[in-house]
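Work through the exercises below with the model open. Try each task before reading its solution.

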Amino acid sequence: LVLRRSFVSEAPATWAEDVEPVYATYCADCHGAAGPSARRLDSREGWMREYDRLLPAIRSGAMPLGRPRLSDETITLIET
């Protein structure tokens, strides 16, 4: 009997490579420099400052406003 285990190791998500593309696609229209929202999310710092408010709104589908709920995979990426 041979026992084998496999492990998957993924690097943590980063702003530039993982989250910023999600922001650009789903959030920038409202939360960027030209957007109507006062809540700016166009930087890692802005995103982290608002994270505790953003995540419940994203999970519930309230954000992105007027668009379909983000996929579970995208939400998981944001959570990491």
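A search of the whole structure, a predicted model, finds six salt bridges.

**Exercise 1.** Find which parts of the chain the salt bridge between Arg67 and Asp29 ties together.

*Solution.* Start with the contact: the two side chains meet at 2.9 Å, N to O. Next, place the residues. Arg67 lies in the loop between helix 3 and helix 4, and Asp29 in helix 2, so the pair ties together parts that are 38 residues apart in sequence. Arg67 is partly exposed at 31% relative accessibility. Asp29 is exposed at 54%.

**Exercise 2.** Decide whether Arg53 and Glu50 are buried or exposed.

*Solution.* Buried means under 20% relative accessible area, and exposed means over 50%. Arg53 has 54%, so Arg53 is exposed. Glu50 has 13%, so Glu50 is buried. The two form a salt bridge, with the closest N and O atoms 3.8 Å apart. They sit three residues apart in helix 3, about one helical turn. Arg39 joins Glu50 and Arg53 in a network of salt bridges.

Note on methods
Residues numbered from 1 in each chain as written. Predicted model: local features only at pLDDT ≥ 70, side-chain atom pairs only at ≥ 80, totals over all residues. Heavy atoms only, no water. Salt bridge = Lys/Arg side-chain N within 4 Å of Asp/Glu carboxyl O. Helix = DSSP H or I, 4+ residues; strand = E, 2+ residues; numbered from the N terminus. Buried < 20%, exposed > 50% of the residue type's maximum accessible area, 1.4 Å probe, protein only.
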